[in-house]
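Please take a first look at the model below. Then read on for a short tour of its parts.

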Amino acid sequence: MLSSPSVPSHLPSVISSVTTTPQQSGTCLEVFQGGLKLVCQPMLTAVVCVDIWIPSGSAVEQAGNLGIAHLLEHMIFRGTAFDFLIESQGGTSSAATSLDYTHFTFIVPAQGLWTTLPYLANMLLQPKWTEADFQQEKAVVLEEIAQCYDDPDWVAYQLLQQTAYGDHAYGRSVLGTTADVQRITLEQLCQFHALHYRPEQMTIAITGDVEIGRVRTLVQESFVSRTGGLHLPQPAIAPQSTDRRTAHLNHLHQSRLLIAWLGVEASAWQDGLGLDLVATLLTGGRSSRLVRQLREELGWVYDIDCGFALQRQPGLFTISACLENAYLEPVEHHVLTQIEALAQGQITELELAKAKRSLCNSFVFGMESPQTLASFLGYHTMLGCDQLCANWSELYCQTIQELTISDVQRLTAQYLASDRSIVVTCLPH
Amino acid sequence: MPIPQSTVLDNGTVVLVVENNAVDLVSAKFFIKYGTQMETPEQAGLVHLVSSLLTKGTSNFSAQEIAEQVECMGASLSAEANSDYLLISLKAIASDFPSLLKLSAEILRSPSFPQSEIALERHLTIQAIKSQQERPFAIGYDRLQSLLFGQHSYGLPILGFEHTVAQLSQSDLQAYHQQYVQPQNLVVSIAGKISSDQAVQLVAEVLGDWQSVNPSLPSVDPPQVQTPSAARISQNNQQAIVMLGYPAVAVNSGDYPAMKLISTYLGSGLSSRLFVELREKRGLAYEVSAFYPTRQLASLLVAYMGTANSNVEIALEGLQAECDRLAQQPLNAEELKLAKSKLLGQYALGKQTNSQLAQAYGWYECLGLGADFDQEFVRQVEVVSAESVQAVAQACFQQPAIVVVG
């Protein structure tokens with residue numbers, strides 16, 4: 001472990017949230033020798049945000065070790081003074097694990113980057129753990145798993161993933177199983193770490209008050225690349241035919257309906273944005289089709305939402321509704337009818353233009369925040385969408401603007417066929 | 001830090017503007033004072049229902065026409081009820097902002113509260129109340145506030161109860177609108193790519209000729225804090241949520257900055273006292289924290305965690321011991337310095353976007369503290385001593401109300 005860097009003594013009130021001279025230089029996307037990727041975007045702000053993405057989420061776990069990726073994410077912070085380092089500067093940090101990744105992010109006043117990034121690099125690459133630390137953190141993770149099982153929406157989504165992906169790794173819970181987490185040893189954790197937490201695997205996104213040249217040098221010094229690239233083969237996802245499951249859940253007061261399809265993988269991100277547009281047509285605002293019809297006119301759903309998750313391998317396009325039991329069937333039928341209508345091209349130019357504008361503007365609104373931008377750039381660069389990230393400020397909206405009614409028709413017909421839908425319903429006991 | 005320009009229109013509406021040219025958008029927030037403060041137990045949920053109806057019809061437009069207009073601009077427009085204010089939030093690309101502002105002013109001034117939309121929103125609110133019952137934390141927090149503040153509006157859920165919402169009528173909504181949605185009860189806070197002069201002019205164009213029909217506004221008493229008691233709500237859960245609630249001072253108290261430091265020290269972030277002692281050292285919980293909401297009339301400090309059902313007693317003791325410790329011994333210099341850095345740093349980080357800026361300044365103005373309180377708060381926090389933290393802790397950490405959901 002590196003000795004703790006001295007903590008800057010300035011008061012964080014120097015963080016100013018706004019500056020008023022508009023100027024913005026371009027995005028830098030660089031692949032270092034060995035494979036480490038850096039994506040960097042200077043912004044008008046006094047803070048800097050770092051988001052480090054490691055492509056070893058729960059999907060790379062082996063049977064018997066389920067939950068090890070998430071447990072490792074927790075262990076990275078053990079025995080370090082990282083939280084103190086960040087928070088004493090007035091910053092914040094967090095980490096998360098999903099199917100395709102674990103990521104670590106922090107935001108600090110700009111000058112804090114120079115001590116904080118090397119410190120985090122050392123935690124990620126050369127952790128030192130004790131058995132006592134390991135056992136204590138396991139107890140925390142087991143509490144986290146218990147808490148998730150009290151959240152009916154989490155349980156419903158697990159069921160959807162199982163149904164959609166079957167035996168593929170995407171069908172398992174990111175948190176693993178209680179039995180496996182209890183069984184994992186510190187030695188196994190160290191092996192998993194040595195295999196996956198390598199600079200050549202990582203993508204580092206940095207946004208905010210930064211100068212690209214200096215950042216490049218800092219990253220190079222902090223993440224000294226080790227030799228050898230590691231290729232992680234992943235099993236292909238078997239295409240699913242339509243399937244449905246129903247579950248009764250404890251303390252559910254409203255039923256849930258989830259309808260999903262396998263969408264595209266990250267390498268086809270243009271179609272991914274197209275599916276985002278389809279989602280916006282369906283539930284993007286009160287005048288969108290399903291919200292207008294099912295919530296506003298019929299009052300059959302209390303809430304309805306739709307989204308596409310872009311992942312390394314095909315992610316899910318999911319429509320989820322919160323409703324009373326009696327409306328489960330009519331709502332499902334209505335949703336499928338509307339999707340069929342899109343596949344037939346029953347859309348007006350006005351409706352399409354409105355959805356495009358909503359989608360582009362919410363992207364622009366979201367990217368006002370350095371954290372959201374770092375997360376977007378880091379995640380998509382990790383997934384290989386380099387072209388999109390290098391020119392994100394134009395390409396995202398341009399790609400959406402170029403979509404036509406026939407594109408919506410094609411995407412809907414290709415990906416959202418009713419004979420390939422996965423349907424999960426959850427009912428109150 | 002940016003300083004908002006403040007202007008008072010002839011009809012009493014306060015307009016705050018922060019010009020920020022970093023991004024091509026403008027965000028605005030309309031704060032209507034009082035929020036749910038004036039609700040009685042019989043009318044619980046009234047202001048929430050008003051907020052749901054504001055965007056659902058005016059004298060000129062239907063609910064769908066309003067939604068179409070907003071969404072054709074790719075803008076956002078929403079309303080929500082809070083314990084101290086009713087809020088309308090809008091955001092658009094800068095060139096669309098004048099049109100969106102005009103529409104928002106119409107929503108504010110002349111909502112039509114159509115019967116069919118009232119029936120729909122009443123029905124959907126009741127569904128929302130039911131789905132709140134799916135979240136153990138929400139159940140616990142509602143009960144805790146009820147234990148501390150009783151029949152005062154602060155003890156009532158914002159959404160109301162199923163039986164009260166079912167009885168709210170068009171005339172209730174109209175009466176609320178007539179009494180509270182008045183120009184002298186309004187703060188308009190704007191941040192983004194717009195000059196102060198231009199913003200004030202736009203607001204004056206759409207709201208300047210609006211005159212109060214009812215210039216007298218009531219005064220609402222702070223709640224009588226109840227004798228703290230305990231409640232256990234049995235569910236068949238994997239985990240128990242354990243919560244302590246202590247009555248705490250309102251935002252206008254001189255003790256407010258010290259209370260914010262106490263809450264930060266106990267519960268803010270991964271280096272916080274509760275996190276380190278109860279999660280890192282003892283592995284009792286995944287989620288463990290404390291918070292202290294900023295309120296106009298009275299507040300509470302909540303310390304809570306989710307833990308195994310078999311650990312409930314240990315968890316209660318652990319949370320209470322950490323609170324008591326602050327009353328018994330002063331923070332050392334390092335602890336106080338860390339708490340200040342965290343509080344002020346995260347305070348600054350909470351004002352990164354235009355919406356966050358408009359929210360911060362408008363809220364302080366609405367609470368009667370003035371937008372200057374933004375800077376005043378920072379100055380006050382910087383000079384809080386360990387002795388005053390301890391004195392405030394002694395006043396606060398007496399007997400807690402306790403709720404266990406599990």
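This report moves from the domains to the strands, the helices and the chain contact.

## Ground rules

The model is predicted: local features need pLDDT of at least 70, side-chain atom pairs count only at pLDDT 80 or more, and totals for chains, interfaces and linings use all residues. Residues are numbered from 1 along each chain as its sequence is written, while chains are lettered from A and ligands numbered from 1 in the order in which they are written.

## Domains

Domain bounds here come from an automatic or database domain assignment. Chain A splits into domain 1 (12–17 + 24–222) and domain 2 (243–428). Their centres, taken over C-alpha atoms, are separated by 27 Å. Contact joins 32 residues of domain 1 of chain A to 31 residues of domain 2 of chain A. Two residues are in contact if their C-beta atoms, placed from the backbone, lie within 7 Å.

Which elements of chain A each supply at least two residues of the domain 1 side that touches domain 2? They are β2 (37–42), β3, β5, α5 (152–165) and β6. Such helices (H or I, at least four residues) and strands (E, at least two) are DSSP runs, numbered from the N terminus. The largest share of that side, 7 residues, comes from α5(A). By class, the side of domain 1 of chain A that touches domain 2 of chain A has 20 nonpolar, 9 polar and 3 charged residues. Ala, Val, Leu, Ile, Met, Phe, Trp, Tyr, Cys and Pro count as nonpolar, Asp, Glu, Lys and Arg as charged, and the others, Gly among them, as polar.

Now chain B. Its assignment gives domain 1 (5–207) and domain 2 (230–405). Between the two centres, taken over C-alpha atoms, lie 28 Å. Domain 1 of chain B brings 33 residues to the contact, and domain 2 of chain B brings 29 residues. On the side of domain 1 of chain B that touches domain 2 of chain B, β2 (14–19), β3 (25–33), β5 (85–93), α5 (136–149) and β6 (186–192) of chain B each supply at least two residues. The largest share of that side, 9 residues, is from α5(B). That side divides into 18 nonpolar, 10 polar and 5 charged residues.

## Strand β3 of chain A

Is β3(A) enclosed or open? Strand β3 (residues 47–54) of chain A has 8 of its 8 residues buried, so it is largely enclosed by the rest of the structure. A residue is buried if 20 or more other C-beta atoms lie within 10 Å of its own, with C-beta atoms placed from the backbone; it is exposed if 12 or fewer do, and partly exposed in between. One side of β3(A) holds V47(A), C49(A), D51(A) and W53(A), and the other holds V48(A), V50(A), I52(A) and I54(A).

Strands pair if DSSP finds at least two bridges between them. β3(A) has antiparallel pairings with β5 (residues 102–109) of chain A, over 8 bridges, and with β6 (residues 203–208) of chain A, over 6 bridges. D51(A) stands opposite T105(A) in β5(A). In β6(A), A205(A) is the bridge partner of D51(A).

Axes are lines fitted to C-alpha atoms, for helices over the stretch in contact, and angles run from 0 to 180 degrees between N-to-C directions.

| Helix pair | Angle | Axis separation |
|---|---|---|
| α9(A) (residues 269–283) and α10(A) | about 30° | 3 Å |
| α1(A) (residues 68–75) and α7(A) (residues 186–196) | about 90° | 10 Å |

Angles under 35 degrees count as roughly parallel, over 145 as roughly antiparallel, 65 to 115 as roughly perpendicular and the rest as oblique. So α9(A) and α10(A) are roughly parallel to each other, and α1(A) and α7(A) are therefore roughly perpendicular to each other.

L281(A), L282(A) and T283(A) of α9(A) meet R289(A), L290(A) and V291(A) of α10(A). This contact has 4 nonpolar, 1 polar and 1 charged residues. In the other pair, I68(A), L71(A), L72(A) and M75(A) of α1(A) meet Q188(A), L189(A), F192(A) and H193(A) of α7(A). That contact has 6 nonpolar, 2 polar and no charged residues.

## Where the chains touch

Chain A gives 53 residues to the contact and chain B gives 57 residues. On the chain A side, α2 (82–88), α4 (131–149), α10 (289–297) and α12 (349–366) each supply at least two residues. The largest share, 8 residues, comes from α4(A).

E87(A) sits in helix α2 of chain A. It counts as buried, with 27 C-beta neighbours inside 10 Å. Leaving aside its neighbours within four places in sequence, E87(A) is in contact with G269(B), S271(B) and K342(B).
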